[in-house]
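Please look at the sequence and the structure side by side, and keep both in view while you read.

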Amino acid sequence: MASEHVEADNAEAIIARIEHKSRKIESLLKQNKPVEALKTALEGSPPKTKDERCKSANWIVVHRAIMAIKDVESLFFALDPEYYDILMKYLYRGLSTGDRPTCDQCLRIHEKLTEKAGLGCILRSLADTVNTV
Amino acid sequence: MAAVSVHKFADCVTCHAWSPDQSMIALCPNNDEVHIYRRSEEEKWERIHVLQKHDQIVSGIDWSSRSNKIVTVSHDRNSYVWNQETTEWVPTLVILRLNRAALCVQWSPKENKFAVGSGAKTVCVCYYEQENNWWVSKLIRKKHDSSVTSVAWHPNNIFLATTSTDGKCRVFSTFIKGVDTREAGSGPPSDSKFGEQIVQLDLSFCWAFGVKWSPSGNTLAYVGHNSMIYFVDDVGPSPLAQSVALRDLPLRDVLYLSERVLIGVGFDCNPMVFVADESGLWGFLRFLGERKAAASSAKSGSQFSEAFGKLYGQSRYGISNNSVQPSRLHGGIHENCINCIVPLNRKVGSKVTRFSTSGLDGRVVIWDLQNQEDLLDYL
């Protein structure tokens with residue numbers, strides 16, 4: 001029981017953090033900084049928690065940032081390699097939604113990301129069944 | 001060229017091993033037989049023995065360098081130790097007591113034991129009992145949650161590292177009373193019993209393959225099917241781990257050439273060189289094969305054209321008849337996944353500069369690093 005409470009408290013804290021992140025992203029997008037917004041969205045993603053609400057909440061934030069990317073080429077000038085693996089996981093989550101505009105955008109970024117990060121990046125995101133996003 | 005000899009023995013080679021003087025090779029051509037070839041002058045290979053006793057695919061072969069014994073394991077769940085008597089190879093059945101396929105085998109450094117990994121989530125450690133003239137198999141049970149894909153002996157002849165499809169790498173003590181002696185001062189802690197787990201490394205979240213110890217036994221390396229390779233220092237209560245992410249496809253097996261150089265082979269069909277810098281930090285250096293389809297996009301193109309060739313009039317064979325080596329078309333010496341790498345000069349204390357690789361394309365390639373100047377500094 002005790003551990004469940006901790007998990008629930010923890011989930012509340014994570015959701016609060018994601019809400020804070022969401023406000024920051026909106027302001028970055030207003031300042032026309034889509035790459036910074038995407039970085040902020042990917043940072044502190046909660047892959048370790050099992051709580052689906054946290055994962056969904058973070059996906060909404062990441063989705064908002066992904067859809068705001070207009071120029072995919074320049075995205076990869078500014079995005080550091082340490083974001084590649086986590087971004088790939090979110091691209092596959094986007095593709096699994098089946099939503100047409102989301103899939104279009106995810107495929108566009110996926111092509112460039114695969115070019116940049118190689119097939120190893122795809123394998124890492126598909127093979128990891130523990131740290132899902 | 002780093003590759004000094006390329007020979008296609010079969011459509012597919014599951015595993016191979018060399019005789020102590022490296023004049024003969026034992027390999028399994030993807031069936032229930034083990035073929036032994038001898039090298040005559042001018043790179044001619046002559047088949048001199050066929051070892052027939054298994055009744056399913058032979059998954060592991062190891063040829064002991066001092067006692068000249070061959071051990072084979074197979075999906076038929078059995079193992080044989082082959083002894084050369086006059087001209088014939090005589091098998092001795094080793095009852096492993098497994099209910100699933102045996103997957104890999106390795107002689108211990110002193111060659112008085114061998115270890116078998118299996119699909120039955122167990123490891124067998126086998127030793128010879130003089131009084132019964134019989135190989136006995138002792139099992140390490142209930143430690144692995146899935147198939148054991150690879151085993152590797154520590155130079156101290158006691159510690160055994162395993163990788164498993166449950167994603168973990170583990171180190172066990174295999175001390176057997178009457179076979180091993182406790183040496184005071186050096187060697188493993190004297191209180192370790194048979195089957196005791198020394199450490200469990202929990203770095204990978206998917207299948208783990210290909211574990212090896214460095215020559216000193218201070219470091220071990222293994223690979224994950226998520227295109228990662230893991231290096232672990234100070235194997236014991238507080239191990240230090242490094243993980244290196246690969247750009248390309250996953251590895252299947254690794255081999256330490258020295259404390260600072262490691263070769264990885266796998267689905268990229270081209271051996272990869274990893275080196276450690278002065279501070280002990282590991283990183284990918286380069287591919288060993290001369291030519292490599294540089295970008296992954298180019299590679300998917302070549303795979304497509306291969307399928308295209310097969311569908312439309314087999315144009316690939318037409319080209320290869322025109323004295324253009326097929327390997328050139330694919331940009332590599334191997335044309336398919338490499339799943340086995342074996343050192344060639346394996347004397348204790350000497351540097352390994354020659355090794356061989358085999359894979360699903362049926363080729364055995366011998367590599368020599370003597371003329372690879374950028375690597376000699378690390379060896």
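Thr86(B) sits in the loop that joins β8 (79–85) and β9 (88–94) of chain B, where helices (H or I, at least four residues) and strands (E, at least two) are DSSP runs numbered from the N terminus. Although Thr86(B) is not a glycine, its phi is positive, at about 50°. Thr86(B) is also exposed, with a relative accessible area of 77%; here buried means under 20% relative accessible area, exposed means over 50%, and partly exposed lies in between, with a 1.4 Å probe and protein chains only. Asn133(B) likewise has a positive phi, near 50°, in a residue other than glycine, and its place is the loop between β12 (123–129) and β13 (134–140) of chain B.

Before going further, note that this is a predicted model, in which local features need pLDDT of at least 70 and side-chain atom pairs count only at pLDDT 80 or more, while totals for chains, interfaces and linings use all residues. Residues are numbered from 1 along each chain as its sequence is written, chains are lettered from A and ligands numbered from 1 in the order in which they are written, and side-chain values use heavy atoms, with hydrogens and water left out.

From the loops of chain B we can turn to its strands. Where in chain B does His49(B) lie? His49(B) belongs to strand β5 (residues 44–52) of chain B, and it is buried, with a relative accessible area of 16%. Leaving out residues up to four places away in sequence, His49(B) touches Val34(B), His35(B), Ile36(B), Gln84(B), Thr87(B) and Trp89(B), a contact being heavy atoms within 4.5 Å.

Ala3(B), in strand β1 (residues 3–8) of chain B, is buried as well, with a relative accessible area of 14%. Once neighbours within four places in sequence are set aside, Ala3(B) is in contact with Ile333(B), Val365(B), Ile366(B) and Trp367(B). Ala3(B) and Leu288(B) are 285 residues apart along the chain, yet their C-alpha atoms are separated by 8.5 Å.

Taken as a whole, chain B has 4 helices and 28 strands, and 53% of its 379 residues are buried. Of the contacts in chain B between residues at least 6 apart in sequence, 48% join residues at least 24 apart.

How many helices and strands does chain A have? Chain A has 7 helices and 0 strands, which gives the pattern α-α-α-α-α-α-α when read along the sequence. Buried residues make up 47% of the 133 residues in chain A, and among its contacts with a separation of 6 or more, 71% are between residues 24 or more positions apart.

Two packed helices are described by the angle between their axes and the distance between the axes. In chain A, the axes of helix α2 (residues 34–42) and helix α3 (residues 52–67) come within 8 Å and cross at roughly 165°; axes are lines fitted to C-alpha atoms, for helices over the stretch in contact, and angles run from 0 to 180 degrees between N-to-C directions. That angle makes α2(A) roughly antiparallel to α3(A), since angles over 145 degrees count as roughly antiparallel, under 35 as roughly parallel, 65 to 115 as roughly perpendicular and the rest as oblique.

In this pair, Ala37(A), Leu38(A), Ala41(A) and Leu42(A) of α2(A) meet Asn58(A), Val61(A), Val62(A), Ala65(A) and Ile66(A) of α3(A). By class, this contact of α2(A) with α3(A) has 8 nonpolar, 1 polar and no charged residues, where Ala, Val, Leu, Ile, Met, Phe, Trp, Tyr, Cys and Pro count as nonpolar, Asp, Glu, Lys and Arg as charged, and the others, Gly among them, as polar. Helix α2(A) is mostly covered, with 7 of its 9 residues buried, and just after α2(A), Gly44(A) takes a positive phi of about 60°.
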